[in-house]
Amino acid sequence: MLTGKNLVAGYRRGEPVLDGVDVEVPGGAVVGLAGPSGCGKSTLAKVLGLLHRPWSGRIEVDGTEVTGFRHRTPRHQRLAVGIVFQHPRPAVDPRLTLREIVAEAAGADVPALAEEVGLTAELLSRRPHEVSDGQLQRACLARALAPRPDYLVCDEMTAMLDASTTAALVRVVDRRVRERGTGVLAISHDEELLRHCADHVVHLNASI
Ligand SMILES: Nc1ncnc2c1ncn2[C@@H]1O[C@H](COP(=O)(O)OP(=O)(O)OP(=O)(O)O)[C@@H](O)[C@H]1O
């Protein structure tokens with residue numbers, strides 16, 4: 001279980017964005033997270049993705065508290081939790097080929113991952129400016145899945161994509177859930193998509 005307990009989080013100044021949020025992502029399940037723009041969904045994604053330290057509260061990965069965030073996260077916990085963002089371009093080094101982007105991840109079996117997410121060898125040899133957002137997002141998903149994370153946080157992963165690419169990436173994630181017991185937090189403002197792909201949907205209400 002990936003757990004956030006009584007999370008209070010925000011940025012340098014001002015009121016907290018998250019004020020006492022509890023969330024549980026069990027293995028083998030998809031938890032959908034919905035809520036209005038600005039309510040803190042991406043902030044919660046970064047906190048649960050171990051990239052942003054909460055001001056208070058507790059994150060646990062399989063019962064063990066996370067004490068370090070970003071580069072201070074212990075390696076085994078960092079590898080246990082993957083994250084995919086809405087915008088793939090800022091998430092990659094534009095100088096690398098898609099093959100190199102996927103290979104950056106620990107444990108990357110690039111041919112197997114490319115097949116899993118539907119990237120051809122020809123696409124793998126291109127650089128980000130030579131592919132579509134959807135093709136680049138496939139590479140980002142492959143990179144996130146490479147270490148075989150126990151939990152995956154998808155922050156509006158398909159918001160930039162067309163319907164067929166959305167369906168393809170949802171199928172990839174769903175297969176991981178069913179075949180490897182991955183637990184997923186799927187964040188979207190598209191409640192219909194969440195109802196379709198999540199076991200249950202939780203709502204984060206605007207704190208301001
Ligand atoms: N890096 C940052 N520094 C300061 N404030 C931030 C930062 N990132 C987000 N915020 C603020 O935190 C609040 C929540 O933002 P967040 O991106 O978590 O919301 P969201 O629910 O994901 O919104 P959306 O659905 O529009 O993407 C907003 O008021 C936003 O302005």
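This is a predicted model: local features need pLDDT of at least 70, side-chain atom pairs count only at pLDDT 80 or more; totals for chains, interfaces and linings use all residues.
In soluble globular proteins, nonpolar side chains tend to be buried together. In the present model, the largest nonpolar core comprises 37 residues, among which L98, L119, L141, L152, M157, V173 and V184 touch the most other members. Contributions of at least two residues each come from strands 3 (30–34), 7 (151–155) and 8 (183–187), and likewise from helix 3 (98–103), helix 4 (110–117), helix 5 (121–124), helix 6 (133–145) and helix 7 (163–180). Helix 6 provides the largest share of this core, namely seven residues. The surroundings of V184 can be listed in detail: when residues up to four places away in sequence are not counted, V184 touches V25, A29, V30, V31, L152, C154, V173 and V177.

The ligand is surrounded by Y11, V17 and P36, together with the residues S37, G38, C39, G40, K41, S42 and T43. Sorted by class, this shell consists of four nonpolar, five polar and one charged residues. Several polar approaches to the ligand can be described at the level of atoms. A polar side-chain atom of S37 is found 2.6 Å from an oxygen atom of the ligand, and an N or O atom in the side chain of T43 is likewise placed 2.6 Å from a ligand oxygen atom. For Y11, a polar side-chain atom lies 3.4 Å from a nitrogen atom of the ligand. On its own the ligand has 640 Å² of accessible area, of which the protein covers 57%.

Leaving aside neighbours within four places in sequence, T73 is in contact with L50, G68 and R78, and a polar atom of the T73 side chain lies 2.9 Å from the backbone oxygen of G68. R195, by contrast, belongs to helix 8 (residues 191–197) and is classed as exposed because its relative accessible area of 58% falls over the 50% limit. Although R195 and V31 are 164 residues apart along the chain, their C-alpha atoms are separated by 10.0 Å.

Technical notes:
Residues are numbered from 1 along each chain as its sequence is written. Side-chain values use heavy atoms; hydrogens and water are left out. A nonpolar core is a set of buried Ala, Val, Leu, Ile, Met, Phe, Trp, Tyr and Cys residues joined through side-chain atoms within 4.5 Å. Buried means under 20% relative accessible area, exposed over 50%, partly exposed in between (1.4 Å probe, protein chains only). Helices (H or I, at least four residues) and strands (E, at least two) are DSSP runs, numbered from the N terminus. Contact means heavy atoms within 4.5 Å. A residue is near a molecule or strand if one of its heavy atoms lies within 4 Å of it. A polar contact is a pair of N or O atoms within 3.5 Å; within protein, one must be able to donate a hydrogen and the other to accept it, and residues adjacent in sequence count only if both atoms are side-chain atoms. Accessible areas come from the Shrake-Rupley method with a 1.4 Å probe; for residues, only the protein chains shown count as cover. Ala, Val, Leu, Ile, Met, Phe, Trp, Tyr, Cys and Pro count as nonpolar, Asp, Glu, Lys and Arg as charged, and the others, Gly among them, as polar.
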